[in-house]
Amino acid sequence: MRTSSAALLVLLPSVFAIPLGEAPSLRLDVTLSRVEDTRIKAVVKNVGSEDVTFVHINFFKDTAPVKKVALFQHDDSEIAFEGVEKLFKSSGLTEDVLTSLAPGDVYEDEFDVASTSNLSKGGHVTLHAVGRVPVVENSTITGSMPFKSNKLVIDVDGPKASKVAAAMKTMHKRTTVESCPSNDKQSALTTALQNAAYIASQAADAAESGPDVRFQEYFGTTDSETRGIVAARLRAAAAEASSTTFGQTSYYCYDVDEWCSPNVLAWTTQTTNTIANCDLYYTDIPPLTSVCHDQDQATTTLHELTHAPGVYNPGTEDFGYGYDAVAALSPDNALNNADTYSLFANAVYLNC
């Protein structure tokens, strides 16, 4: 981790729990179709029996270069995503990032998959979307619901796809120390890194030899291989957070590439191992929370570090946000989901 140093804040928490839930009647269906070349249309339909409001950040309707579908080559290997992954706050969400649908209602979104993935090789590409989207009541995430799409196969013209303008900006070169225009933000970030290293190390120990029941709660299995991978990823994140002078990521205290927007706490780009905090990181969440499954700066930083493949390869994805969504993921998706690691570390730290 390349940044600068400051003193560590030590907080001794008391523990409270936040109840979350899922109504079994909530579900979204996504129909993918080809518009032209690599341009895709998604029709999102509420196939449940109740009105629903959900967050569309990192989902269909988000205008940023986020991962809306997974792309697979003919040999079933996944094509790398070259966009941005954003982490958003769980309460106080503004109306512009929320979508409401009555039963049977739909909305459409169009996007070009060649703008966030290198499709210059061409050939048959399969598109698919699956995961969980956060459900909102009174501007606060209260649960989650599943979504799933059809599998769409398209024949990609490689040379034509390579001419599609990349959505991501040309990234700046890394520097040995990422400068910060604010001493207060730099101090907060350094504290968060040190706290993240501490809770990640604790969580790694718990993954290796802690109670089966807690590991099962977050990762859906007690398989020894899975426990080993989780421990290794957490130790790698702890090691990355422990140094402010070297490492595999560039961590900025500010929105260096302008991917922040209202409600977003931080973001990561996997292709460059770049992480950046948004203003809300400093104003809306504490250094360390005293509430089980709540957000704070340390677990937000840990969440972002697990995204970076330079820290541990492969980098995690965002299959679900919050405890409710994490608890409902399959073991395979939980293993590769960023919030699973941050929530597990929070649970170990607070003894949830």
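Author: A residue is termed buried under 20% relative accessible area, exposed over 50% and partly exposed in between (1.4 Å probe, protein chains only). The model is predicted, so local features need pLDDT of at least 70 and side-chain atom pairs pLDDT 80 or more, whereas totals for chains, interfaces and linings use all residues. Residues are numbered from 1 along each chain as its sequence is written, and side-chain values use heavy atoms, without hydrogens and water.

Reader: Why is His-307 called buried?

Author: His-307 has a relative accessible area of 1%; buried means under 20%, so His-307 is buried.

Reader: What makes His-303 count as buried or exposed?

Author: The relative accessibility of His-303 is 0%, and therefore His-303 counts as buried.

Reader: Which residues does UniProt place under "binding site"?

Author: The unreviewed UniProt entry gives His-303, His-307 and Asp-318. Positions follow the numbering used here, feature names are shortened, and annotations may be inferred rather than shown by experiment.

Reader: How do you know that these residues gather at one spot?

Author: They span 16 residues in sequence, but no two of their C-alpha atoms are more than 9.8 Å apart, so they gather at one spot.

Reader: What is the polar contact between the side chains of His-307 and His-303?

Author: The distance is 3.2 Å. A polar contact is a pair of N or O atoms within 3.5 Å; within protein, one must be able to donate a hydrogen and the other to accept it, and residues adjacent in sequence count only if both atoms are side-chain atoms. The pair of His-307 and His-303 side chains therefore qualifies.
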